[in-house]
Amino acid sequence: MHAKKPSGWMRRRSLAQQMLALQIIVVGITVAGAALLAFFQSRELLTQEATRVARAVTVSVADSPSVLAAVGDSATLQPYAERVRRETGVDFVTIMSVEGIRYTHPNPAQIGGRFLGTIAPALEGRTFTETYTGTLGPSVRAVAPVRDSGGRVRALVSAGITIDKIGAQLRGQVAGVALIGLLGLSIGGAGTYLVGARLRRQTHGMGPAELSRMYEYHDAILHAVREGLLLVDSAGRLTLCNDGARELLGLYGEADGRHVTELNLPPSLTELLAAGEERTDEIHLTGERTLVVNSAPVRSGSRSLGIVVTLRDHTELQSLTGQLNAERGFADSLRAAAHESANRLHTVITLVELGRTEQAVAFATAELRAAQQLTDRVVGAVREPVLAALLLGKTAEAGERGVELAISPDTELGATGLDERDLVTILGNLIDNAMDAAVSGVPPARVDVRLSADEATFLIRVADSGPGLDTATAEEAFRRGWTTKGDGRGLGLAMVGQAVRRLGGTIDVGNGPGAVFTVRLPLCEGGVS
């Protein structure tokens, strides 16, 4: 069976309007049901009260000695019965013989006639109640025997209240019940309207189909995009975190609803999420990733709803950029060397043309010997091709900047088996930072590099002749934004710290006399080869 589709009217209405209509119907049915229940309960209570009064009056009259003494005397009993009727509020008090012949009646013309109703139980000595249609119409009545001192039934008494009178009392109460019902319906309708208006504002007047479709698209997009997406409310609580953000930030377990300070994120990221400000393409580092972060405040009118944050993973790109920078530095060094070689070649040619052959040979072989000695020493000591190329490139770059880059004589390194990109990131950024520090220090500017490895540990030590680092500065050296240039844009040392952590190593900062950075990286089983 197919589910019945909603009517055209319902499909055309917004969710708020449908909810308003349904709530009004529910409130109306509830109020109507309550009114009907009150009506039936009131009728039952009034009937019970009428029965109780009729029985009490009947028994009281039947037990009266004056009634027993005047049995058969209508002239005495009629005034008495009428007085009792008026005082008690019943509609009739009828005193009759055991045969059912009336001695009294509200209508004197009915005196002497036969009582209309049941009398058999009363003749047996029992008092009972019933609803019966008599001369005054339907009524609730009671019938009781009048006994003499010997217990013999001498007459009967009946008192009752007409259904019309009970109905008149009920109609009076129904008017009050109806008024209360209308008041309840009005209050319920007003409350329903206010709830509907709020719901309409919150759903922007969209219908169920539109909301369902929006949710499906929203959910599909959140799970499909690789970029991370975070929503943080104005109180700093995380309200939404898609799969990409969980992976990039390492958020496991229940993160939604927690304050950003409870997510164990890096301080720079925590500060960004808590600030609620607009940020564009900021670089932030987590334990293993380099992230490009954008954030934008979200407002509804003048009310702040929080911020939306997007995260893009640039770990691979940043690593490749570092490696590319190293290759570019090496290429620049080759171009500079080519330029110098051209100058030297012109010098040699000129010396030959001048007939100074021996000087030309000596000049050419001396320059070639110095360059070849450096290359042979680096390549011979460092058998990791990428690191050897990096050191040669940095040596040439240092020469151009007026810095002496010295490679320790005891440097000797085979293939480490570690990630080449991480090694380039660590060594390249340490040398760059050391050259910046050396240039800012007292001449001569010098940078010392030592690489060594044993069976378990690969050691990198880079020292400079710069001003050095104090203890407080050393603790901040690997925070994003720290730099020896003082421009607040430093990222190199932060990436060094990230790469060292990724390889499971440690890094220490000391002074001697400039800054000394010592990195220890664990090697896989078997050490270097």
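1. Helices (H or I, at least four residues) and strands (E, at least two) are DSSP runs, numbered from the N terminus. Within this pair, V509 sits opposite F517 of strand 14.

2. A word on the source: this is a predicted model, where local features need pLDDT of at least 70, side-chain atom pairs count only at pLDDT 80 or more, and totals for chains, interfaces and linings use all residues. Residues are numbered from 1 along each chain as its sequence is written, and side-chain values use heavy atoms, leaving out hydrogens and water.

3. The sheet is open and has five strands in the order 10-11-12-14-13, with mixed pairing. Strand 10 (403-407) and strand 13 (506-511) are at the edges with a single partner strand each, so one side of each has no neighbour in the sheet.

4. Which strands does helix 12 touch as it packs on the sheet? Helix 12 (residues 385-400) is in contact (heavy atoms within 4.5 Å) with strand 10, strand 11 (445-453) and strand 12 (457-464). Its direction makes about 150 degrees with that of strand 10; axes are lines fitted to C-alpha atoms, for helices over the stretch in contact, and angles run from 0 to 180 degrees between N-to-C directions.

5. Zooming out, the protein chain has 15 helices and 14 strands. Of its 529 residues, 38% are buried, meaning under 20% relative accessible area with a 1.4 Å probe, protein chains only.

Technical notes. Pairing = 2+ DSSP bridges. Buried < 20%, exposed > 50% of the residue type's maximum accessible area, 1.4 Å probe, protein only.
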